[in-house]
Amino acid sequence: MSSKTSMNADDTKVFKAIRALEDASALQADLTNFNNDLSEVFSLPLDSAILTDPNALWDDFKNKFLSVADKHAPIRQRRVKSEYKPWLTNEIKQMSYRRDYLKKQSIKLRSAYYDKAYKRCKNKLNNLIKETKQEYFGDKLSNAKNSKESWRTINELLNKSLKLQRLKN
């Protein structure tokens, strides 16, 4: 084995865990418990076979550190929508930002002016989205020349993949 170690997913997990521990202000109160657990885990004697292999030392450190880090700062999974919306234009995005700004101001300032402006912008945006969707889907479907192309377009718009089935003879 070479003395160089390569980075893999577990290694990046270690560095992300270290960064999360540094950044999390909520862990300040629990930092002493974290330090105590780390010192307890790393005070255990190492196996003599590990001492000569740097890769084995790294794996040992990584496993011990991750076990303590997972106990004190478990990694949370978040779901991210990756819905493809081809009808979403820059105008809609800009108006969405404007709507969100007006909503924040309406809540923050409790102002009737911002409340009215927010509602007007929200309704305008909803109508714009509705019109843009109708236009996009109408254009897509009107370009289809026959029923086969129409159904292919419909399935494409619904994100349905083509499933091929073999017919038995």
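Q: If helices are DSSP runs of H or I with at least four residues, and strands are DSSP runs of E with at least two, numbered from the N terminus, how many helices and strands does the protein chain have?
A: This is a predicted model, in which local features need pLDDT of at least 70 and side-chain atom pairs count only at pLDDT 80 or more, while totals for chains, interfaces and linings use all residues. Residues are numbered from 1 along each chain as its sequence is written, and side-chain values use heavy atoms, with hydrogens and water left out. From the N terminus on, the elements run α-α-α-α-α-α, and the count is six helices and zero strands.

Q: In which helix is the confidence lowest, and in which is it highest?
A: Confidence is given here as pLDDT, the predictor's value for each residue on a scale from 0 to 100, and it averages 79 over the protein chain, with 77% of the residues scoring at least 70. Where pLDDT is low, the predicted coordinates should not be read in detail. The lowest mean, 67, belongs to helix H1 (residues 9-23), and the highest, 93, to helix H4.

Q: What percentage of the residues in the protein chain is buried?
A: A residue counts as buried under 20% relative accessible area, as exposed over 50%, and as partly exposed in between, with a 1.4 Å probe and protein chains only. The accessible surface of the protein chain, from the Shrake-Rupley method with a 1.4 Å probe, comes to about 14,400 Å², of which 51% belongs to carbon and sulfur atoms. Of the 169 residues in the protein chain, the buried share is 21%.

Q: Is Lys62, which meets Asp59 in a salt bridge, buried or exposed?
A: A salt bridge is a side-chain nitrogen of Lys or Arg within 4 Å of a carboxyl oxygen of Asp or Glu, and for Lys62 and Asp59 the distance from N to O is 3.3 Å. Both residues lie in helix H3, three residues apart, about one turn of the helix. Asp59 is partly exposed, at a relative accessible area of 35%, whereas Lys62, because its relative accessible area is 4%, counts as buried.

Q: How many residues apart are Lys119 and Asp115 in helix H5?
A: Side chains of opposite charge can pair when their charged atoms come close. Lys119 and Asp115 meet in a salt bridge at 3.7 Å, N to O, and both are partly exposed, with Lys119 at 45% and Asp115 at 29%. They are separated by about one helical turn, because their spacing in helix H5 (residues 112-142) is four residues.

Q: Which residues make the nonpolar surface patch of about 240 Å²?
A: Patches are made of residues with over 30% relative accessible area and no salt bridge, where like charges are joined within 9 Å and nonpolar side chains (Val, Leu, Ile, Met, Phe, Trp, Tyr) within 5 Å. One member, in the loop between helix H2 (31-42) and helix H3 (54-72), is Leu51, which is exposed at 51%. The patch is made by Leu46, Leu51 and Leu57.

Q: What distance separates the C-alpha atoms of Leu157 and Tyr84?
A: Leu157 lies in helix H6 (residues 147-157) and, at 22% relative accessibility, counts as partly exposed. Residues up to four places away in sequence aside, Leu157 touches Tyr136, Phe137 and Lys140. Although Leu157 and Tyr84 are 73 residues apart along the chain, their C-alpha atoms are separated by 9.5 Å.

Technical notes. Contact means heavy atoms within 4.5 Å.
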